[in-house]
Amino acid sequence: MASLGHIARESSNIIRLAQFYKEIFGFEEIESPDFGDLKVIWLKLPGAFAMHIIQRNHSTNLPESPYSATTSAVKDPSHLPMGHHICFSVSNFDSFLHSLKDKGIETFQKTLPDGKVKQVFFFDPDGNGLEVASRP
């Protein structure tokens with residue numbers, strides 16, 4: 001049986017990105033190895049999985065985010081339901097949604113056709129797509 005171990009995100013500003021995930025989702029910083037010149041911040045979502053935030057290495061030529069795509073940039077959260085994103089679930093969806101609005105984060109909301117699950121889509125500071133769903 002497989003389980004999710006960690007998600008890795010590359011960023012030009014690992015401190016800003018780590019702070020976002022700590023503030024928005026409650027990730028906690030955990031000890032990370034010393035990789036010498038490679039700077040990393042490891043986070044853990046209690047009871048769930050880890051996120052490794054890695055200092056961007058421009059020599060890899062990987063796109064930094066949807067904003068740096070060679071075709072048109074993805075900036076509208078209404079495009080996320082059918083695109084690349086990570087989904088989190090929360091028990092108090094309305095409170096979570098209110099906290100996003102208080103922080104000025106642009107969102108797109110929808111509800112599954114059966115009406116049981118509410119969803120909100122938005123971007124992290126590096127342009128990675130996120131979804132948060134209510135627990136049915």
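# Close-up views of a predicted model

**View 1. Four strands line up as an open sheet in the order E1-E4-E3-E2, with mixed pairing.** Strands here, and helices too, are DSSP runs numbered from the N terminus (helices are H or I with at least four residues, strands are E with at least two). Two strands pair if DSSP finds at least two bridges between them. At the edges sit strand E1 (6–11) and strand E2 (28–30), each pairing on one side only. On average, neighbouring strands of this sheet are turned by 30° against each other, direction ignored. For these angles, axes are lines fitted to C-alpha atoms (for helices, over the stretch in contact), and the values run from 0 to 180 degrees between N-to-C directions. This is a predicted model, so keep the thresholds in mind: local features need pLDDT of at least 70, side-chain atom pairs count only at pLDDT 80 or more, and totals for chains, interfaces and linings use all residues. Residues are numbered from 1 along each chain as its sequence is written, and side-chain values use heavy atoms, with hydrogens and water left out.

View 2. Another bridge partner in E4 is Ala 50, which goes with Lys 44. The hairpin of E3 and E4 has five residues between the strands, and Gly 47 there takes a positive phi near 80°.

**View 3. Helix H1 (residues 14–25) packs on the sheet of E1, E2, E3 and E4.** H1 touches E1, E2, E3 and E4 (contact means heavy atoms within 4.5 Å). The direction of H1 makes about 5° with that of E3.

**View 4. Another open sheet of four strands has the order E5-E8-E7-E6, again with mixed pairing.** E5 and E6 stand at the edges with a single partner strand each, so one side of each has no neighbour in the sheet. From one strand to the next, the twist averages 25°. E5 and E8 run parallel and are joined by five bridges. Within that pair, Phe 88 stands opposite Val 132 in E8.

**View 5. Helix H2 lies across E5, E6, E7 and E8.** H2 runs at about 25° to E7. The buried residues of H2 (residues 93–102) are Phe 93, Phe 96, Leu 97 and Leu 100. They cover an arc of only 100° around the axis, so they end up on the same side of H2; the arc is that of the directions from the helix axis to the C-beta atoms. Buried means under 20% relative accessible area, exposed over 50%, and partly exposed in between (1.4 Å probe, protein chains only). The buried residues of H2 pack against H1, strand E5 (86–90), strand E6 (108–111), E7 and E8. Turn to the other side of H2 and you find His 98 and Asp 102, both exposed. After H2 comes Gly 104, whose phi is positive, near 75°.

**View 6. Ser 134 lies in strand E8.** Ser 134 counts as buried, at 11% relative accessibility. A polar atom of the Ser 134 side chain lies 2.8 Å from the backbone nitrogen of Lys 118. Leaving out residues up to four places away in sequence, Ser 134 touches Val 90, Phe 93, Lys 116, Val 117 and Lys 118.

**View 7. Pro 125 lies in the loop between strand E7 (118–123) and strand E8 (129–134).** Pro 125 is partly exposed, with a relative accessible area of 34%. Not counting residues up to four places away in sequence, Pro 125 touches Arg 16, Leu 17 and Phe 20. The C-alpha atoms of Pro 125 and Tyr 21 are separated by 9.8 Å, although these residues are 104 residues apart along the chain.

**View 8. The chain has two helices and eight strands.** From the N terminus on, the elements run β-α-β-β-β-β-α-β-β-β. Of the 136 residues, 36% count as buried. Among contacts in the chain with a separation of 6 or more, residues 24 or more positions apart account for 56%.

Note on methods
Polar contact = N/O pair within 3.5 Å; in protein donor to acceptor, adjacent residues only side chain to side chain.
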